[in-house]
Amino acid sequence: MLEVKNLTVKIGDKMVLRGVSLNVKYGTIHAIMGPNGSGKSSLAYTIMGREGYEVVEGDILLDGESILGLETHERTLKGIYLGMQDPPALPGVRLSTLILAAANKRLGEAELTKVKDPSIMRNMRTTASELGLSLELLQRETNVGFSGGEKKRSELLQAVLLKPKVVILDEPDSGLDVDGIKKVAEYVRRFREEGKAVMLITHYARLLKHVAPDEVTVLIGGEVVARGGAELAYAIEEKGYAAAKEWRK
Ligand SMILES: Nc1ncnc2c1ncn2[C@@H]1O[C@H](COP(=O)(O)OP(=O)(O)OP(=O)(O)O)[C@@H](O)[C@H]1O
Ligand SMILES: [Mg+2]
């Protein structure tokens, strides 16, 4: 289980999270909702240990152990994966090379000689085509000139191949067409069936209608303002974030 305990975070002088507590259990989907600027991505980045996100108070635990002292790559190796809202371009790094290197490292085969492990390569090709990504795209520089939808699909491809225990997806549905949203939902449900802990950050209940999250937490101004089940997401879709006030924390 991933546990976020009373987490207060600053970026420079700006307080972005205030006393946030929530758990993401294995085999469940925990949706995080909230308006623009409410701290959703900051929560994801803080879990990954991104530079600049200063934990003022609180803790983050994976399987009962604090991960706060770990570097980002160590958190990844422990099995936490973040599919970013807006992943950066990596000129000069082919997507297939990035995935192979990361997957080999994560799966404990760090030597570069094994980078061409045929089973990972095969799985990459099959998953890419299931996700609607062309094989040509795998050979391109990561996120250089990728369309919005291609970026989202390639983040999901990495989520599958790195075999994480905890999958955090930051707005995996943004910029996707209808078929793309259904595809994301299918993968998210599969992650849950495989027993992974899924944190799903999204603005809209549209995606949540396809996945039926086990828990929903709403952030506003860096604070948890409401908690509930899938019904909370549907109430927000209907009435806006004002509906969150009717739900107890
Ligand atoms: N590097 C930074 N310096 C100063 N403020 C920042 C920085 N990064 C984020 N913030 C601020 O922190 C707040 C929370 O941002 P965050 O990206 O976590 O919101 P969000 O809920 O993910 O929003 P969105 O739905 O638009 O993605 C915002 O007010 C944002 O401007
Ligand atoms: Mg965000």
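Predicted model: local features only at pLDDT ≥ 70, side-chain atom pairs only at ≥ 80, totals over all residues.
**Entry 1: Ala44**

I started with a definition: a residue is buried if 20 or more other C-beta atoms, placed from the backbone, lie within 10 Å of its own, exposed if 12 or fewer, and partly exposed in between. Residues are numbered from 1 along each chain as its sequence is written, and chains are lettered from A and ligands numbered from 1 in the order in which they are written.

I looked up Ala44 and found it in helix H1 (residues 40-48). Helices (H or I, at least four residues) and strands (E, at least two) are DSSP runs, numbered from the N terminus. Is Ala44 buried or exposed? Ala44 counts as buried, because it has 22 C-beta neighbours inside 10 Å. I then listed its contacts (C-beta atoms, placed from the backbone, within 7 Å). Leaving out residues up to four places away in sequence, Ala44 touches Leu82, Ile168, Asp170 and Ile201. Ala44 and Leu82 are 38 residues apart in sequence, and their C-alpha atoms are 7.2 Å apart in space.

**Entry 2: Lys10**

Next I went to Lys10, in strand E1 (residues 2-11). Lys10 has 16 other C-beta atoms within 10 Å, so it is partly exposed. Beyond residues up to four places away in sequence, I found Lys10 touching Met15, Val16, Glu54 and Val56.

**Entry 3: helix H6 by itself**

I checked the length of H6 (residues 148-161). The expected span of a helix is 1.5 Å times one less than its number of residues. The 14 residues of H6 should span 20 Å, and its end C-alpha atoms are 20 Å apart, which agrees. How many of the 14 residues of H6 are buried? I noted 12 of the 14, so H6 is largely enclosed by the rest of the structure. Among the buried ones are Glu150, Arg153, Leu157 and Val160. The buried residues of H6 pack against strands E6 (80-83) and E9 (166-170), and against helices H3, H4 (118-130), H5 (135-138) and H7 (178-193). Just after H6, Lys163 takes a positive phi of about 45°.

**Entry 4: two partners of H6**

Axes are lines fitted to C-alpha atoms, for helices over the stretch in contact, and angles run from 0 to 180 degrees between N-to-C directions. Helix H3 (residues 95-106) packs on H6 at an angle of about 25°, with the axes 10 Å apart. That makes H3 roughly parallel to H6 (under 35 degrees is roughly parallel, over 145 roughly antiparallel, 65 to 115 roughly perpendicular and the rest oblique). The contact joins Leu95, Ile99, Ala102 and Ala103 of H3 to Ser154, Leu157, Gln158 and Leu161 of H6.

The axes of H4 and H6 come within 10 Å and cross at roughly 140°. That makes H4 oblique to H6. Here I saw Ile120, Asn123, Met124, Thr127 and Ala128 in H4 meet Leu157, Val160 and Leu161 in H6.

**Entry 5: helix H7**

Last, I turned to H7. Its 16 residues should span 22 Å, and its end C-alpha atoms are 23 Å apart, which agrees. The buried residues of H7 include Gly180, Ala185, Tyr187 and Phe191. Among what covers them I found strand E3 (28-33), H6 and helix H8 (205-211). Just after H7, Gly195 takes a positive phi of about 90°.

Key
Contact = placed C-beta atoms within 7 Å.
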